[in-house]
Every structure is written in C-alpha cells, then in structure tokens.
Amino acid sequence: MIDPVRGKPDFPALEKTIAALWRDRGTYRTSLERRRGAKRFVFFEGPPTANGMPHPGHCLTRTIKDLYPRYRTMRGEYCERKAGWDTHGLPVEVEVCKELGIHSKAEIEAYGIEPFIHKCQASVWRYMKEWEGLTERIGFWIDLSQAYVTYHQRFVESVWWALAELFDRGLLYQGHKIVWWWAQGGTALSSGEVGQGYKEVADPSVYVAFPLLDDAGLPTQRSLVAWTTTPWTLPSNQFAAVKADLEYVVLREAPSPDVPRLPPGASCASPHEARSGSDGNPGLLTFPLSPQARGVSREDAPPEYVIAAPLAAALGEKLKKTFDIVARLPGAALVGRSYLPPFDTFREPGPPRAVPLVAGGAAPVAWRVVAADFVTTDSGTGIVHIAPAFGEIDYTVLVAEQARFAAGEGPALLNCVAPDGTFTDAFGMGSGRFVKDCDRDITRDIKARGLLVHQEQYVHDYPFCWRADNDPLIQYPRQSWFIRTSQFRDEMLANNARIDWLPEHIKDGRFGNFLETNVDWALSRERYWGTPLPIWVCEETGRMEAVPSYAALLAKPGVAGTDVFERAKAANPQLSDDLKVHKPYIDAVTYASPFAPGARMQRVTEVIDCWFDSGAMPFAQWGWPHAGDAEFKAQFPADFISEAIDQTRGWFYSQLAISTLLFGQPGEGATPYPHPFKTCIVLGHMLGEDGQKMSKSKRNYKEPAVIFDTYGADALRWFFLAGQPPWNSIRYSERAIRESVPEFLLRLWNVYSFFTIYARIDGFDPAAQLAAPGSLTHADLAHADLTQPRGWRPAAARGELDRWMLSELHATAAAMVTRMDAFDHFAAAQRLSALVDAMSNWYVRRSRDRFWAPGRADGGPETNAEKLDAYWTLYETLLTITKLAAPFVPFVTEAIWQNLAVATFGDLVPESVHLTDYPAGDAALVDADLVRRMGLVRDVSSLGRAARAAEQLKVRQPLAKVEVILADTSPADEQWLAAHAELVCEELNVKHFEVCREPDRYITRSVLPDLKKLGPKLGKNLPQARAALAQVDAAALLATLTREGRAKLPLAGGGEAVIDRDDVLIRTTAKEGWAAAEGPRAVVVIAKELTPELVAEGLVREVVHAVQSQRKTLDLDFTDRIFLGFETSSAELRAALAGHLETVASETLANSTTFGPLAGAASETLDIDGHPLTIHLARS
RNA sequence: GCGCGCGUAGCUCAGUUGGUUAGAGCGCUACCCUGAUAAGGUAGAGGUCCCAAGUUCGAAUCUUGGCGCGCGCACCA
C-alpha cells in the first residue's frame, strides 16, 4: 500500500535515510550491473587534492559530475565512475612545511627527506573523511574503493612509461633556460603555477643613467637612460638594447630663468612658439638642434640624457624639468657604443677590451648598445637594461650576441645571484641577502654616484609562489627538463577543434588562445614529493636513458640500492610499498652503465610537475600500459568531463597535451581526435553571498554542511542545476538556495503528498489492481509502466484533462532527453520545473472535484471510473516525473519511488528509481492541439481574473456572464471553448460563459502583419505594407482573406503587395467601458451588473469563507463535522442565508445549520460586506 | 597592455536562427482558497534591455567604438 505522506517534509533527514539505503543495498553497483555490456558512457574524474577541506565549488563540480552519469545510466548506458586523488606536489609539501614550521629547502633537508616524504604521504589523507562524507552526502555516485591515487606505484609507473616514451622520441629534453624560479623553495614552476600566483604590488621603478664611453673608454656627460622595476638585476647588467629604427633624442636640462640664456635665435623659443613647430611633436621637445649646443665642453656641461623621442616628454614631466633637445638620432646610431655599467660587479678596470667577431672586426663582449626588435615605447625610456640571467627575452639577446663571436670567446652569462635568491660574494654590498630586499640599498648607491635619473613606485602584477604567497618569484637561469609541447601546437589545436566545449567560446577563446601561445612545458621540480623523473645518467659519460617501469629498472644489469627501501620497510613494516618508487629510496637505486664500462647509472634528482600526473590519468588510472589494457581501451577517450574554468590551464590542458603527444600522431593506429575527452562542461566560478570571490576570512559563504543540514543536498543540487547555465559564475547564496526549494522540490512533494493522502482514502492501490499479479516482469513494469491493471484505461479513453496532463508529460520527457543529450541540463531543468508547475497548478487543481467525488478508486464495485482515471493519471505522471527528476534530485525522487513503486509493487519493480529507464516520452500520447487549446482555457481564465481585478470585482462575488472574443476566430476553437464553459465558469465564479456573438460591441479588430513571414517576402516594402495594413478596413480584408486565401494590398509608392491569410495576425482590442482584459489570443469581457440573487450568493460565499476560517482557527480536522448557528440583525443577510442553508452546510461539513445561538459553541462576530453576523460553531 | 565573458525589473537571473505587448523566481501590493492547510493559488505595479554609431524593412539579439564589472594571460624590461 502507498503510505499517506502528510506534513512538511524534512529533506535533510530523508536524504540521510536514502543515503543509508543506497549504501546498504549497494545501489550504485547494481545500477552498473544492470548496464553491463551496454554502450559505454566514459567519464573521467578530475582528481581533487584531499589535503584541504572541500568547499562549495567542489559541491558544484560533484553535482554536475553526478548528473550526467546518472542520466546516461538511466538511458541505458554503462558508466563506470572511478574516483581519483591528486596527491603529489607543492600543495602537499607546503602544507607539511607549515605543519613542521619550516619553509626553506635547507630546512627540509635538515629535517630529513625520508621523514618528510612520510609526512607528505600521510598529509594527503588528512581530510579524506570530509571528502568521502561530502561525496556521499551530495549523492555523488562514484567508486571510492577503486580510486586511483597518483602516488601509488602503479600510477607512478604509468607516468614513467609516458615520460620514457617522450624521452625516447626526443620530446623530453634538458634545457638551460630562464625559468620562473621560486628561490625559497629552490624550484622552477610551470606557467600554470606561475599564473596562479600573480599579486598586485608596488615595486621600485628606477631610471638609471648608463654613461656612454668616449673613444678612450672614459665616461662622458652623455648617458643612456634605462628603466627597470628590478633594481636587483642591475649588478648583472650586460647590455642596453635600443630599437634601430626608432628616433632617440639627447636631452640637456634647460638653463633656469636666472641663468643667462643662450644667444637669441639659437634654441630658446618659448614653449608656446615651439609648439608651432612643424613636425607635430609636442611642446618643449621640438627645438631644432642648435649648432651652439653641440660643442659644449665636458667639464662645465650639465648631464645629457639619451632617450627615445616619444618618451622624452614623459620623462620631463616626471622630473618636472624642461629639457632642450641637443641632438636627434636613430637607434641604429647608438648600436655598438659602449657604456659604463651601473656596477663594477663583473667589470675589469680600464677601457673595454674588444674581441674578434666571426664576421670580422671586433667588439667588447658586454656593456654595449645592441639593437632589439622587442623594444617598444609603451613605457620606460626606449632603452632596455639587459640582464640575461633574469629575463627570458634578455637571455635571447645574450644568445644572439654569443653567436657573433667565436665559440667560447663571446659573452658569458653574468649572474651574481645564487639559486636561493641571495646575492653571491661577487656583489659584495648585497652578499647573502635576498635580492628583492636589496632594491633600496642598490637604488641609494646609484643615487649617491649621481646615476639615478628618477625614482618612483610602480604598481603592477607580479608573480608570487602560488603555495607560499609571500615569496616573490624571480626569473632565473636554470638547467631544467622540458617537454616539447610547442612542437605539437598544431596537433593540439586540431585535437581541440574536435572537442565539444560548453560554453562554446572556450574552444577558440580562452583555451584556443592558450594553445596558440604554447611554450614548452617546464616539467621538472627540484623538490621531494612527486613522481620522480625516471631518467638515469651515466656518471662518466653523462649519457642518459629513461626507465619505463620499476620492473624495467630491476632488470637492468648490476642493479644496486634496492636494499635501502627494504631496510626502511623492515624497520617500519607500516611503510607503504608505494614509496619505493619515490625519493629518497628510488635515488639509491643504481645500475651498470651501458655507456661506459664500470660506470654506474644514477637517477637525476628532480621530481615532476604534479599536473603531469593528473593529465596522465586517462591511462595511468589503470596502470596502463603495464596493466589494465582492456580497461584502458574500453575507457578511452572520455565522453564527458567537467571542472571549473580555472582548469583550462590545468587539467584540461595537461590531459590534452599529454594525450596529443602520446596518442595523437598522425598515421597508422593513431587515435582519432578528439581525445582524451569529447565533451567538456566548463563551470563558472563560484562567488560568495556578496558576489565577491569566496573567501574564508571574509566569511562570505556558508559551509556546505550547513546547507545540507538546513535545506538538504537536493536543494543545493537543484539550485546549481536549475538556477543558471553552468558556465555562469554562480552566486552561492543561502537565500537563493532556500528560495529554490518551494518552487520545485516542495511543489513536487506537495502533489505527491496530496496523492498519497487521497489514494489511501479512496483505496487506490495500483498493485492490487493488476489484472494478473505476478505475471508482470521487472522489464514490463520498467518499460511499459504498469499497463493492464484492472480498471485501468488507456489515455485515449480518459477525459481530456488527463490526456492533457499525459501529453504535457510525454512532450516534456522528449524535450528533456533532447536537452540532456546535448548536455544542456539547465534547459532540461526548466522544462521539468514547468511540468511540475502544470501538474500542481492546473492538473491537480482542476481534478480536485474528481478526487473528492463519491465512489472508490479500488477497482471494486463502488469504483468511480473518472475518479480512477484521475488516480491513474496522477500516479503515472508522478512516477514519470520522479524518473525524469531522478538524476537532478536523486534523494527526494528515491523517497517518492520507494513509496509509490516499491512499497506498492515490491519485487515487481526496480528497487531504486535510479535503476529504472529514463522516460523518453511517448509521442503517441502527445496531443499538441489539446495542449494549445488547454492553454487557451488557461488564458481565458487568467484574463477573466485580470478583468475582475481591474474592476475590483472579487472572485467570491458570483457574476452573471463572461464572454470571450478570440483574436483568431476558429470555429473549432470556439466550439471547444464553449464545451468548457463549465470549467471557465468555475474558475471565474460566473453563471454563464459564452463565445461572444456580437464581438463588435466590445472590441475592434485590426490586422497585423506577421513580420516573421512578411519580412523576408516584402523586404524594403514592408513599412509601406504595414502602413497600408493599418489604413485598410480590417473586417473587409479579413473577409477577403478568409474567402480567397489571399488579398492585394495597394502600396503608397504605387504597386501592390499580395498577402496570404498566413501572413497576417489579428489583434483584438477591447473598447472602453467594459470590464474586459485583452491578451494576444483573446479578449474576455465580464458582465459587471449584479442581480439581488447574485448578491445573495456572494454573501453566502462570504459566510462560508468566514466559517472555514473559524474551523481553521479552532484547529478542526478537515473531516470533522460541525453544528452551526447564525445570528444577524440584517434582514438581507438572513434572507440570503436562509435561501442557501444547504450550500453552507455541505461546504462547511455542518450537520445542522440554524439561526440562533448554540450551546457550547465558539462564537465570533464579524462584518460580512457591511452586514453584522455572529457565527456559533460547535464540533459535532 | 592583450584575450575571454558579462551588463535585461528593487534583488538573483532566463531570453532558442534578428520579428509585433522582453520573461521567471524572490520581494512588494491586492485578492482567492481553507478537503495539499505551519501549505497552495491568482492578479497587479515595476524595464531608456549600459551608452553611441552602424547593418537591416525591423536590433535586447548582429557589427564597430566607448563606459562599467568579472576572469584569464604575461618579454610591463
């Protein structure tokens, strides 16, 4: 039997029961079993890092990741969901360092790498309970027991295979490059990691004079002005770069007014006059070069500054000084000139020594002006200080310069900074101090020596370590390992082009752009807790080889050092075997070099970027190729993945890059694009209550646990899924989550509750009514939905309201499947919500009288057939909606299924709604015409209410008549409306309803062009046609159109337009003076006149209303019967009541109604439309 | 600086290929129901669709340029 469900549901409590049910029965596994062998729907879980607490953003991803696999499973596909955990890398190491209260690499080494690694391994499981709790609580069905873990040996070995493959193909190389360097952490970072750590900071911005040298190698008064925001790089200055075809000027400070000026006519025009100069350059700086200005002797001359012409004015403004231009010259004229570097760090005393060039001639190796195309005039001075050690582009200058000299003769890389970010002894004044901390002293020193032209603060974004955000990164030269991803740019783009991105703009926008500008992947990390780079080096020759697995390592000749791990394991049996492929144990493993007799092969020291781990999960989750061949082949590529937008540079990229490099090469056996994923939903960012970024310190969001306990997981899921398209940024607001409950979950629940209450009262039990209980199989029930029970009638035999409901139901199901197959759950959810609204606010409301009608619904002799139809219709509708909603709100739907299906049919139905088939909609039950006409009735009712409201004619007051005029007169529609007069009368509380016979009394008709049809047809003539249409006699035109199907319309500019009946729409407008309301499809007119009888009825309704309120106040059950007594001094009210006592009695469940007081009754005196009345009410 | 996205009612947001009166929920106001009842329903008010120009017969929608917000990127030396 179906349990009656009453009262307000406690969703959180209910969800916990359901979660336990799934856990106990292993429902997820069963759902897989049922689809074994079916077409696969492949899902990849992007592994979260479990060493931090889950937050609302994870709730969103987990909701989306659950929705589609559930849906696809119900649609008949087989969707394994294998969990995974990201466990390596800086996030973990930094967390452990915090715990230990240490920071630097030196401190880690002092603590000991071995215990440090153990701590890292333990740390990744720290919040596992919370993560598993969240996963179950939000209803994310995923197999946690089979989770892949990136530090597991099997996973590591898969990554090794990938790296060995890349190494063997020459795609993994060691390069000396300028990398973003985390000095305190002693490692390079990937561009993705660097991107995580940008912060806005104010750095010193200095303009420094580099005095040009004369032929004797002595500094002149004339200096290049270079600009930098990193004063600490000045001691390592090596070149100054200019743009060859850019104009530079030589500035000299203009004499102050009290100093005698230069001879008149030379160069001292006033600024205003100067502005009239013909070359269009602004202001003061347009003086022609004066002959006198050239020959100033060195000693008494003021300093002269060389700067790019377009930037000279800006410098003058900064210095608040006026300058004369004493020379103009192209950048090319500066190239080759030597200058005095700001520091003598690397400079020998004496004039610069020239070294022979390959192309002939000679040049000093450093402190010389070079030409470079990257020099711009966007900011600075147009003269770029080049310190090749600390800038990627600077480094290219060095490489280019080196090429001009014979090998070994050219400039060496100048670098006075140690890997830990401190100055070496080569730069004495900063020795041992962190470079950025020396900026001030360096600036002061330059100033003291008269070389500081200008100094200011410069606010810009600068990268910091994403895991230690007080540590600024520096660019630093380092030997590092790279993957040649840039060589595969086109392949990655081609692969990307085949991926379905949602939203679509990610493909060519954010992600495509990122691929376009791809640089080689800086893979290695000089750290401890990560997948060790599986490359062994010959200690003698330096030659290397990559090892693809631990077994391959053990198979090497003369392997030694495996005992280090074995001893550790013996000392500590708890030690995980997975650690044997990690530092420090793996570093101990050596073998005989194949390259030099007697030499040993030793592993390089680095570990790798943890993003490579997660990007390798498509195969590494199975341990492929060492194991899991069948699984990998069956589960690659993924049909669907989803993460938030920050993963474009993270997991989305690492997967695509690795997959493209490993599996994407054209030719035999290549995996066709796209891989490793076909569809990716990119989720928007989650914002806090205030629309700002979520932040723990700001407390602008509620913990998920609070939401779960207050509103439930379904509420949160529905909010995520139905609130907005998933790629919008979502405002995670408690208010919005709370408000999403009544509009869908509660509405559905209320209908369900309504159904169960009356089903019990009327004895409706679908199982008991089966014609042949037991003859139905699971499949019959699951697919055909309870066909052929006794008393059951097919839809065609039921009333039109039932057919309408079933039509809406099946149309919605079909639409939802279309939307869901296109990964558009937002649209699907909106359809679903509209369906539940239709069921609650029209079907149930209009069917109430059938549920309350006499007779039973148990299929027995007292059965009322129409009533039974209503039950079956509502039952089928509820059950189908439950299935439709199941992937969205899995808990509440399961609760409903358990009662409506399992409690009723027992073993005849699947034990969980999630084991059923998703309804695809039965087209045979969709009746578009019926839906349209029902919409018409709803429109008419709605317009009627609007008309009443406009005239302040409250619905309790019965009125005589309502008339409707359809905009588009169709006899069939009119007939249909007439047939539903009773319904409309009831909705509007009127006595008569009819289609108006004399529409001209109330309305005027006009003919409107159907622009969508007429636009393409008439084009430029459309405005004239519209004007003509407005003029023409609408009635006559309509008559013509109806009669002949088309009409000619003369146009103002001559000519005519031929229009078809379908090209026009008819608009009806209500005339003044009637209680009328108009909509696009109809005008509804209400008769305002009241007869005494109508007034009396109105009064009676008021009294009934008052009695009902009193019943409610007295807390009577709706089945309680009562005695009523009325007292009134109003003859009119008394007469009205006297005429309708029976109505009052039946409406209020009164056993008797009398005039006069009642003993033991609750009494209330009130005013009924101006008539005094005392109501005495006693329980029967 | 470059790129991507967004800007629609008091608030949170939809708006499908350009088309006639731009929608929903919440909130507000009025009303209805009182046998879903510590629920439910109906209606109303409320909008220069950020601004400007353009394309078009027609623009919230397409184009360009501004302004504002968010995010991303990084050779800002």
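Let's start at the RNA: by class, the surface near RNA strand B has 22 nonpolar, 21 polar and 21 charged residues. Here Ala, Val, Leu, Ile, Met, Phe, Trp, Tyr, Cys and Pro count as nonpolar, Asp, Glu, Lys and Arg as charged, and the others, Gly among them, as polar. "Near" means that a residue has a heavy atom within 4 Å of the strand. This is a predicted model, where local features need pLDDT of at least 70 and side-chain atom pairs count only at pLDDT 80 or more, while totals for chains, interfaces and linings use all residues. Residues are numbered from 1 along each chain as its sequence is written, chains are lettered from A and ligands numbered from 1 in the order in which they are written, and side-chain values use heavy atoms, with hydrogens and water left out.

So who surrounds the RNA? There are 64 residues around RNA strand B, and the closest are Asn513, Asn728, Trp852, Arg956 and Lys1112. Of the RNA strand B atoms that come within 4 Å of the protein, sugar and phosphate account for 60%.

Now for some polar contacts (pairs of N or O atoms within 3.5 Å). Arginine 848 has a polar side-chain atom 3.0 Å from a phosphate oxygen of RNA strand B.

Elsewhere, look for an open sheet of four strands, ordered β4-β3-β16-β18 with antiparallel pairing. β4 (187-188) and β18 (521-522) are at the edges with a single partner strand each, so one side of each has no neighbour in the sheet. Strands are DSSP runs (E, at least two residues), numbered from the N terminus, and two of them pair if DSSP finds at least two bridges between them. β3 (residues 172-182) pairs with β4 over two bridges, and tryptophan 181 stands opposite alanine 188 in β4.

Key. A polar contact is a pair of N or O atoms within 3.5 Å; within protein, one must be able to donate a hydrogen and the other to accept it, and residues adjacent in sequence count only if both atoms are side-chain atoms.
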